[in-house]
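Have a look at the sequence and the model below, and then we'll start with a question.

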Amino acid sequence: MDANGSPTSLLDVAARVVWFSQPQETLKDPCFFLNHVMVHGRITDIVETRRYFDDDALRHALKHAHPGIWDQRSWSYWHTVLDMLPIPPMPVRFPGIDKNLIGYGGPPKTAPAS
């Protein structure tokens with residue numbers, strides 16, 4: 001355990017899956033932490049995390065998923081594994097943005113010239 005009461009093994013997982021934040025800070029938001037474990041975690045990270053978080057915690061993290069973290073494969077996998085069917089749409093960072101835009105706000109896609 002560290003000074004804040006977090007298991008050292010979870011600090012190691014947090015450091016690996018949320019590389020841009022201090023592990024102690026990451027673990028202060030379990031939903032954020034679990035979102036990252038479910039998307040970026042290795043099997044050993046998932047096994048270690050599940051020693052401390054049950055299926056209900058994982059379901060809660062999915063129900064309150066942070067936009068911009070998830071990929072479609074992970075989203076579908078975890079909803080299926082946790083029996084949360086039908087699978088809802090993934091959360092979006094900017095609702096209402098035209099999905100036909102190219103890349104990072106590039107020009108709208110147009111039909112190919114005939």
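Which residues does serine 74 touch, not counting residues up to four places away in sequence? The answer is Met38 and Val39, where touching, or contact, means heavy atoms within 4.5 Å. Keep those two names in mind, as they come up again below.

## What you're looking at

This is a predicted model, so local features need pLDDT of at least 70 and side-chain atom pairs count only at pLDDT 80 or more, while totals for chains, interfaces and linings use all residues. Residues are numbered from 1 along each chain as its sequence is written, and side-chain values use heavy atoms, with hydrogens and water left out.

The protein chain has 6 helices and 0 strands, so reading along the sequence gives you α-α-α-α-α-α; these elements are DSSP runs numbered from the N terminus (helices are H or I with at least four residues, strands are E with at least two). Buried residues make up 34% of the chain's 114 residues. Here, buried means under 20% relative accessible area, exposed means over 50%, and partly exposed is in between (1.4 Å probe, protein chains only).

The chain exposes about 7600 Å², with carbon and sulfur atoms supplying 57% of that. Such areas come from the Shrake-Rupley method with a 1.4 Å probe, and for residues only the protein chains shown count as cover. As for contacts between residues at least 6 apart in sequence, 41% of them join residues at least 24 apart.

## The enclosed helix

Now find helix α3 (residues 30-40). Because 9 of its 11 residues are buried, α3 is largely enclosed by the rest of the structure. The buried ones are Cys31, Phe32, Phe33, Leu34, Asn35, His36, Val37, Met38 and Val39. They pack against α1, α2 (23-27), α4, α5 and α6.

Serine 74, from our opening question, lies in helix α6. With a relative accessible area of 11%, serine 74 is buried, and its partners Met38 and Val39 are both on the list of buried α3 residues.

## The nonpolar core

In soluble globular proteins, nonpolar side chains tend to be buried together. In this model, the largest nonpolar core has 27 residues. A nonpolar core is a set of buried Ala, Val, Leu, Ile, Met, Phe, Trp, Tyr and Cys residues joined through side-chain atoms within 4.5 Å. The residues with the most contacts inside this core are Phe33, Leu34, Met38, Leu62, Trp70 and Trp78. Two or more residues come from each of α1 (8-17), α3, α5 (55-63) and α6 (72-81), and the largest share, 7 residues, comes from α3.

Leaving aside its neighbours within four places in sequence, tryptophan 78 is in contact with Met38, Ile46, Arg50, Leu58, Leu62 and Trp70.

In sequence, valine 13 and aspartate 45 are 32 residues apart, but in space they are 5.7 Å apart, C-alpha to C-alpha.

Phe33, Leu34 and Val37 of α3 meet Asp45, Ile46 and Thr49 of α4.

Finish with the segment after α6, where you'll find aspartate 83. Most residues other than glycine have a negative phi, and most peptide bonds are trans. Aspartate 83 has a positive phi of about 55 degrees although it is not a glycine, and at 61% relative accessibility it counts as exposed.

Leaving aside neighbours within four places in sequence, arginine 93 is in contact with Pro67 and Gly68.

Technical notes
Axes fitted to C-alpha atoms, helices over the stretch in contact; angles between N-to-C directions.
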